[in-house]
Amino acid sequence: LEYAFAVPEPARREIEKYGLALIGLHAGFRLQPQSADVEKAQRIARGIRDLGGKHFICSGPGLPRTAAGIDEEAMQTWCGHVSRMGRYCREIGVRFCLHNHGAELAHGAAELQAVMERTDAREVSLLLDLSYFPDAGLQAGEWVSRYASRLAGLHLREHVGGKEVMLGEGSLDAGAVAAALRKASWSGWVILEVNKRADMPSRELVAHGRRYMRERMKV
């Protein structure tokens with residue numbers, strides 16, 4: 001949708017015409033961005049707002065580690081950049097969300113916890129990919145409960161040995177995740193994420209995922 005940033009009205013009307021909701025846009029963010037990177041990120045944030053979206057979803061680089069743990073200087077740098085971007089997004093009416101992959105959940109989710117402790121909940125939210133929690137030996141429901149107040153949304157999918165599989169074929173406890181969300185009276189986006197497979201049409205993948213969500217999560 002970047003092509004539409006300069007003149008967003010036609011694309012926004014097209015989205016609204018089909019009754020769609022633009023959750024937001026997803027982009028990567030560097031550990032030490034140059035001024036051009038910051039300007040691009042701010043332009044994306046404005047584009048999201050102008051297209052009627054609500055969230056800027058950002059994936060991090062995965063912070064370097066030392067023998068003692070996460071590199072402290074890198075952590076301070078990352079949290080500073082994330083906080084500034086979150087503050088900018090808040091000022092223009094967009095919710096800034098960090099999106100995890102495997103690196104943030106390594107070593108007992110050390111990176112995720114540290115970033116949450118060092119950033120302002122009003123400026124930095126989460127869009128969690130649940131598939132990586134079992135990979136890291138973590139119970140997704142426990143972490144959803146811990147950070148429910150900062151959750152903007154969830155990606156629902158499963159991995160086995162690093163390979164994406166059909167929902168229900170892995171060890172993700174989707175029922176526990178749903179129970180944690182209900183206990184927190186949470187309302188937001190539970191996003192079914194499916195990627196193309198050679199052995200099954202995408203329509204069937206989506207239908208299977210929706211059945212799973214209704215049966216296991218009651219959504």
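This is a predicted model: local features need pLDDT of at least 70, side-chain atom pairs count only at pLDDT 80 or more; totals for chains, interfaces and linings use all residues.
Trainee: What is Pro-61 in contact with, leaving aside neighbours within four places in sequence?

Mentor: Phe-29, Leu-31 and Trp-78. Contact means heavy atoms within 4.5 Å.

Trainee: And how far is Pro-61 from Pro-201?

Mentor: Their C-alpha atoms are separated by 32 Å. Along the chain, the two prolines are 140 residues apart.

Trainee: Helices now. At what angle do α3 and α4 pack?

Mentor: About 55 degrees, with the axes 10 Å apart. Helix α3 covers residues 72-92 and α4 covers 106-118. Axes are lines fitted to C-alpha atoms over the stretch in contact, and angles run from 0 to 180 degrees between N-to-C directions.

Trainee: Which residues make that contact?

Mentor: Glu-72, Met-75, Gln-76, Trp-78, Cys-79 and Ser-83 come from α3. From α4 come Glu-111, Ala-114, Val-115 and Arg-118. The contact has five nonpolar, two polar and three charged residues. Ala, Val, Leu, Ile, Met, Phe, Trp, Tyr, Cys and Pro count as nonpolar, Asp, Glu, Lys and Arg as charged, and the others, Gly among them, as polar.

Trainee: Which residues of α4 are buried?

Mentor: Ala-109, Glu-111, Leu-112, Ala-114, Val-115 and Met-116. These buried residues pack against β4 (69-70), α3, β5 (95-99), β6 (125-129) and α6 (140-146).

Trainee: How do the axes of α2 and α3 cross?

Mentor: At roughly 30 degrees, coming within 10 Å, with α2 spanning residues 35-50. That makes α2 roughly parallel to α3. The cut-offs: under 35 degrees is roughly parallel, over 145 roughly antiparallel, 65 to 115 roughly perpendicular, and the rest oblique.

Trainee: Which residues meet there?

Mentor: Ala-41, Gln-42, Ala-45, Arg-46 and Arg-49 of α2 meet Met-85, Tyr-88, Cys-89 and Ile-92 of α3. By class, six are nonpolar, one is polar and two are charged.

Trainee: What about α7 and α8?

Mentor: Helix α7 (174-183) packs on α8 (202-217) at about 65 degrees, with axes 9 Å apart. Ala-174, Gly-175, Val-177, Ala-178 and Arg-182 of α7 meet Tyr-212, Arg-216 and Met-217 of α8. That contact divides into five nonpolar, one polar and two charged residues.

Trainee: New topic. What is phi at Ser-185?

Mentor: Near 55 degrees, a positive value in a residue other than glycine. Ser-185 lies in the loop between α7 and β10 (189-192). Its relative accessible area is 64%, so Ser-185 is exposed.

Trainee: And what is phi at Lys-218?

Mentor: Positive, about 60 degrees, although Lys-218 is not a glycine. Lys-218 sits in the segment after α8. With a relative accessible area of 62%, Lys-218 is exposed.

How values were computed
Residues are numbered from 1 along each chain as its sequence is written. Side-chain values use heavy atoms; hydrogens and water are left out. Helices (H or I, at least four residues) and strands (E, at least two) are DSSP runs, numbered from the N terminus. Buried means under 20% relative accessible area, exposed over 50%, partly exposed in between (1.4 Å probe, protein chains only).
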